[in-house]
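Thanks for coming. I will take one structure today and go through some of its packing. Here it is.

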Amino acid sequence: MSYANLPVPSTSTGLAQYLQEIKEFPMLEPEEEYMLAKALITHGDVRAADKLVTSHLRLAAKIALGYRGYGLPVSDLIQEANVGLMQAVKRFDPERGFRLATYAMWWIRASVQEYVLRSWSLVKVGTTSVQKKLFFNLGKARRRINAMEQGDLHPENVKRIASDLAVSEQDVVAMNRRMTGADQSLNAPRSRGGDDGESGEWQDWLEDENADHVKDIIERDEFDFRREMLGQAMQRLNGREQDILTQRRLSEEPATLQELSDKHGVSRERIRQIEVSSFKKLQKAMMSIAADRGITIPAT
């Protein structure tokens with residue numbers, strides 16, 4: 001899916017002009033968003049897709065700007081965010097009960113993070129989920145406990161950060177050395193003259209920690225966190241419910257009601273009923289798990 005007429009930030013037009021331009025696209029009411037999404041799914045309506053994308057360009061830009069601290073061109077970050085947004089629109093199903101903004105955040109953040117990881121040589125090789133988690137959270141963890149020492153961290157600070165991020169102390173030490181000693185340190189001074197004309201340390205331009213409740217969920221390790229919570233919630237369903245829900249709603253190519261009817265020896269209507277009830281159970285379970293962790297999931 002491509003959108004040739006989308007505005008594109010560039011050095012010639014400037015960031016401020018781009019941000020002003022995308023503000024001209026109207027936001028969508030829930031009913032309009034639903035109808036546009038259905039038109040895209042049912043008829044492949046390109047104009048509907050265009051409206052869904054352009055109405056969320058401000059969201060993509062906001063998320064992209066949260067990654068300015070990695071020293072990469074803002075225009076590239078925004079374009080990567082827009083790629084993630086287009087992928088979200090392509091896969092969005094309004095029948096699942098989520099607004100597009102909530103769903104798109106995951107795709108946008110994942111797209112931008114993958115670009116950052118590809119661009120920083122210090123994490124190009126052997127980037128595991130733990131290393132990715134540390135890369136995007138170590139700076140904030142250090143600032144929370146005021147661990148601003150140069151070089152190796154104090155053992156007590158290593159222990160606290162490892163506990164806060166649920167990783168090993170060895171991983172904390174290794175990533176801290178890579179981020180402060182290799183390539184461009186996130187503690188290095190940032191000179192004036194960039195896209196925003198501000199100075200300070202690179203780590204000062206990491207994402208705003210005063211996030212709203214939806215962004216707070218995304219901060220908690222993005223896809224890894226969501227998969228973990230989903231996996232725990234799925235365990236509260238029985239085997240048949242897990243299979244039907246997975247085949248109908250969590251598969252790239254959903255099974256038909258008839259296929260599952262033949263597999264489980266019940267009517268297609270019964271399969272549909274189990275699918276609906278299982279999804280409600282899953283949502284309730286995820287809300288419960290999130291609440292246990294002190295996280296608020298927005299009502300859908």
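At what angle do the axes of helix H1 and helix H4 cross? Before I answer, note that this is a predicted model. The angle is roughly 150 degrees, and the two axes come within 9 Å. H1 covers residues 15–22, and H4 covers residues 57–65. As for the hand of the crossing, H1 and H4 cross in the left-handed sense.

Who makes that contact? From H1 there are Leu15, Tyr18, Leu19 and Ile22, and from H4 there are Leu57, Arg58, Ala61 and Leu65. Sorted by class, the contact of H1 with H4 has 7 nonpolar residues, 1 charged residue and no polar ones.

Next, the rings. The structure holds 2 aromatic pairs. One of them is Phe92 with Tyr103, whose ring centres are 5.9 Å apart. Their planes stand at 40 degrees, so this pair is classed as tilted. In the chain, Phe92 sits in the loop between helix H5 (74–91) and helix H6 (100–119), while Tyr103 is in H6, and the two are 11 residues apart. The pair therefore links distant parts of the chain.

Tyr103 also pairs with Trp107, again tilted, at 6.5 Å centre to centre and with 55 degrees between the planes. Tyr103 and Trp107 are both in H6, and because they are 4 residues apart, about one helical turn separates them. Taken together, the ring pairs join Phe92, Tyr103 and Trp107 into a cluster.

Which of these three are buried, and which partly exposed? Phe92 has a relative accessible area of 5%, so it is buried. Tyr103, at 23%, is partly exposed, and Trp107, at 25% relative accessibility, is partly exposed as well. The cut-off that matters here is 20%, because buried means under that value.

Last, the cores. In soluble globular proteins, nonpolar side chains tend to be buried together. In this model, the largest nonpolar core has 54 residues. Which of its members touch the most others? They are Leu52, Leu77, Leu85, Ile108, Val116, Ile161 and Val172.

Take Ile161 as an example. Leaving out residues up to four places away in sequence, Ile161 touches Leu138, Ala141, Arg142, Ile145, Leu153 and Val172.

Terms used. Residues numbered from 1 in each chain as written. Predicted model: local features only at pLDDT ≥ 70, side-chain atom pairs only at ≥ 80, totals over all residues. Heavy atoms only, no water. Axes fitted to C-alpha atoms, helices over the stretch in contact; angles between N-to-C directions. Left-handed = near helix turned anticlockwise from the far one by under 90°. Contact = heavy atoms within 4.5 Å. Nonpolar A, V, L, I, M, F, W, Y, C, P; charged D, E, K, R; others polar. Phe/Tyr/Trp six-rings, centres within 6.5 Å; stacked < 30°, edge-to-face > 60°. Buried < 20%, exposed > 50% of the residue type's maximum accessible area, 1.4 Å probe, protein only. Core = buried A, V, L, I, M, F, W, Y, C linked by side-chain atoms within 4.5 Å.
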